[in-house]
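Me: I'd like a close look at one part of this model: the pocket. What lines it, and how does the chain around it run?

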Amino acid sequence: MTLNRDRLRSMLDTFGEFPAKYRVLVWDFLLELPHNSRAYTQLATRGLHPSFRDLPDKTPGLPRQLSLRLATTLSALAYWCPLFAEVRFLPDLVFPFVKVGVAAGIPQGNETLFELIATILSNWTSGWFQTFPHPPLKLLSRVENLIEFHDPGITKHVNNTFRGGMVGFAWQHLSSLLTGVLQRPEWLRLWDHALIAGPEFLYHFFAAWVIHHKRDLIRISSDAKLADWLSLCPPIDLTRVLKEAYDLGLKTPAVYRVSDQGGGEE
């Protein structure tokens, strides 16, 4: 399978997603992973990090092999960047990528899964940790401004109705990379597009998702009812929302664009 970005973009335009059989190979290509096995081995041989040593015991609902793979991946990330040992939401953020790696048959001890996650953390979420342990309020405010520009009504409703307003709502879902609001096949398709389109696409997609659900959200009058609605993983027409995300990106003036590097330009 010969890869180039133009061919892959054409494949997305035609089929809406990459073939599952080749997804990790394609993501590897798009992220330009270095495959520095020596560097990864130096991290992996340090064993489980103290912050994640008991993770397999805390996740009894997971198959033991999967929970151990999650713990070893998180440990390598924590040794690579000590801050990650303190990020409480990191397991939720990393877990879906670990499942992708395991499903693709990436063997334990191979650097690909670690490098894939580390590259996404570096390029898609780097601005999220500049004010750690506090949320990246500057960036989240720009996400709010983006949504408000395209739909002031839904932004006003969320700000007036739900604890934390649009900033809190955005952080709840972005910090889990939208795993809580998309079914697994949808989430995989989202990342096919995000890795082609670039880090800002994640914010455009979230904005499109919020606006797509405006009719439902407007009817919700409390945090408890919002939690009940979200627990159902509200269904969407993903093809439509992806298109709306691309369109939204084209229609957004520079002043309202969101950067993953701490909030965008002033």
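Reply: On a 1 Å grid over the protein atoms alone, a pocket is an open set of points where a 1.4 Å probe fits, with protein on both sides within 12 Å along at least five of seven lines; lining residues have an atom within 4 Å of a point. Keep in mind that this is a predicted model, where local features need pLDDT of at least 70, side-chain atom pairs count only at pLDDT 80 or more, and totals for chains, interfaces and linings use all residues. Numbering runs from 1 along each chain as its sequence is written, and side-chain values use heavy atoms, leaving out hydrogens and water.

The largest pocket comes out at about 210 Å³, a volume being the space filled by probe spheres set on points joined across faces, edges and corners. Its lining takes in Arg9, Leu12, Asp13, Phe15 and Gly16, then Arg189, His193 and Ile196, and finally Thr239, Leu242, Lys243 and Tyr246. Helix 1 (5–15), helix 11 (184–197) and helix 15 (238–251) each put at least two residues into that lining; helices here are DSSP runs (H or I, at least four residues; E runs of at least two are strands). By class, five lining residues are nonpolar, three polar and four charged (Asp, Glu, Lys and Arg are charged; Ala, Val, Leu, Ile, Met, Phe, Trp, Tyr, Cys and Pro nonpolar; the rest, Gly included, polar).

Now for the chain around it. An unreviewed UniProt entry places "domain: Rab-GAP TBC" at residues 17–198. That span is 62% helix and 0% strand, and its end C-alpha atoms sit 16 Å apart.

Leading up to helix 11, the loop from helix 10 (165–174) holds leucine 177. Leucine 177 isn't a glycine, yet its phi is positive, about 55 degrees, and at 0% relative accessibility it's buried (under 20%; exposed is over 50%, partly exposed in between, with a 1.4 Å probe and protein chains only). Histidine 35, in the loop between helix 2 (23–31) and helix 3 (37–44), also has a positive phi, near 55 degrees, but histidine 35 is partly exposed at 32%.

Two other loops deserve a look. Proline 133 sits between helix 7 (112–124) and helix 8, and the peptide bond into it from phenylalanine 132 is cis, omega near 15 degrees. Aspartate 151 lies between helix 8 (137–150) and helix 9 (152–161). It's buried at 9%, and a polar atom of its side chain is 3.1 Å from the backbone nitrogen of isoleucine 154.

Notes:
UniProt positions renumbered as here; feature names shortened; annotations may be inferred. Polar contact = N/O pair within 3.5 Å; in protein donor to acceptor, adjacent residues only side chain to side chain.
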